[in-house]
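Dear colleague,

Here is the structure I promised to hand over, and below it you will find what I found when going through it.

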Amino acid sequence: MSDLVWTKHVEERMNQRGISYNEAWDTIKYPYKSTQTSTGRYKFFKTYGTKEVVIVAQHQQGQWVIITGWVKDQIQTRKYFNKKEPLLTRIGRSLLFDL
């Protein structure tokens with residue numbers, strides 16, 4: 001894992017999505033979970049507080065090419081965010097839990 005290649009795309013997306021280089025590096029090096037996709041890429045998952053960082057990378061010629069990354073807010077994935085509830089109810093719950 002010593003050779004990571006950061007594409008311009010992933011640098012822009014990480015900046016837009018609030019992922020630091022340290023978080024991305026740590027997610028790849030010490031994930032709590034990793035899975036291989038059908039295209040041969042790997043997804044690495046790591047939780048930081050209430051956010052889960054997901055980094056997608058592909059191993060090519062002895063290097064890990066970082067493809068993209070995103071953040072998944074753990075609070076919004078809990079049971080009380082039932083998508084069958086009306087939108088205004090979900091917004092109200094979101095406002096209450098963000099205080």
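Leu88 is exposed, with a relative accessible area of 71%, and in this predicted model its place is in helix α3, which covers residues 87-97. Leu88 belongs to a nonpolar patch on the surface that also includes Leu87, Ile91 and Leu95, and the four together have about 430 Å² of accessible area.

The secondary structure comes to 3 helices and 5 strands, and from the N terminus on the elements run β-α-α-β-β-β-β-α. The chain has 99 residues, of which 30% count as buried.

The sheet comes next. The 5 strands form an open sheet with mixed pairing, in the order β1-β5-β4-β3-β2. At the edges stand β1 and β2 (33-36), each with a single partner strand, so one side of each is left without a neighbour in the sheet. On average, and with direction ignored, neighbouring strands of this sheet are turned by 30° against each other.

If you go through the sheet pair by pair, you can follow these contacts in the picture:

- Strand β1 (residues 4-6) runs parallel to β5 and is joined to it by 3 bridges, and Trp6 stands opposite Ile66 in β5.
- β4 and β5 run antiparallel and are joined by 10 bridges, with Ile66 in β5 as the bridge partner of Ala57.
- β3 and β4 are also antiparallel, with 7 bridges between them, and here Tyr48 stands opposite Lys51 in β4.
- β2 and strand β3 (residues 42-48) run antiparallel with 4 bridges, and Thr35 stands opposite Lys43 in β3.

Some of these pairs are hairpins, and their turns deserve a careful look. In the hairpin of β2 and β3, 5 residues lie between the strands, and Gly40 in the turn has a positive phi of about 90°. The hairpin of β3 and β4 has 2 residues between the strands, and there Gly49 takes a positive phi near 65°. The hairpin of β4 and β5 likewise has 2 residues between its strands, but Gln61, found in the loop between them, has a positive phi of about 50° although it is not a glycine. Most residues other than glycine have a negative phi. Is Gln61 buried or exposed? Gln61 is exposed, because its relative accessible area is 83% and the term applies to values over 50%.

Gly69, which lies in strand β5, counts as buried because its relative accessibility is 0%. Gly69 and Phe44 are 25 residues apart in sequence, and from C-alpha to C-alpha they are 9.3 Å apart in space.

Finally, the structure holds 3 salt bridges, which I describe one after another.

In one of them, the side chains of Lys51 and Glu23 meet at 3.3 Å, N to O. Lys51 lies in strand β4 and Glu23 in helix α2, so the pair ties together parts that are 28 residues apart in sequence, and both residues are buried.

In another, the side chains of Asp26 and Lys46 meet, again at 3.3 Å, N to O. Since Asp26 lies in helix α2 and Lys46 in strand β3, the pair ties together parts that are 20 residues apart in sequence. Asp26 counts as partly exposed, at 23% relative accessibility, whereas Lys46 counts as buried, at 18%.

There is also a salt bridge between Glu52 and Lys72, with the closest N and O atoms 3.9 Å apart. Glu52 lies in strand β4 and Lys72 in strand β5, so this pair ties together parts that are 20 residues apart in sequence. Glu52 is buried, with a relative accessible area of 5%, while Lys72 counts as partly exposed at 39% relative accessibility.

Key: Residues numbered from 1 in each chain as written. Predicted model: local features only at pLDDT ≥ 70, side-chain atom pairs only at ≥ 80, totals over all residues. Heavy atoms only, no water. Patch = residues over 30% accessible without salt bridge, like charges linked within 9 Å, V, L, I, M, F, W, Y side chains within 5 Å. Areas by Shrake-Rupley, 256 points an atom, 1.4 Å probe, with all protein chains shown as cover. Buried < 20%, exposed > 50% of the residue type's maximum accessible area, 1.4 Å probe, protein only. Pairing = 2+ DSSP bridges. Axes fitted to C-alpha atoms, helices over the stretch in contact; angles between N-to-C directions.
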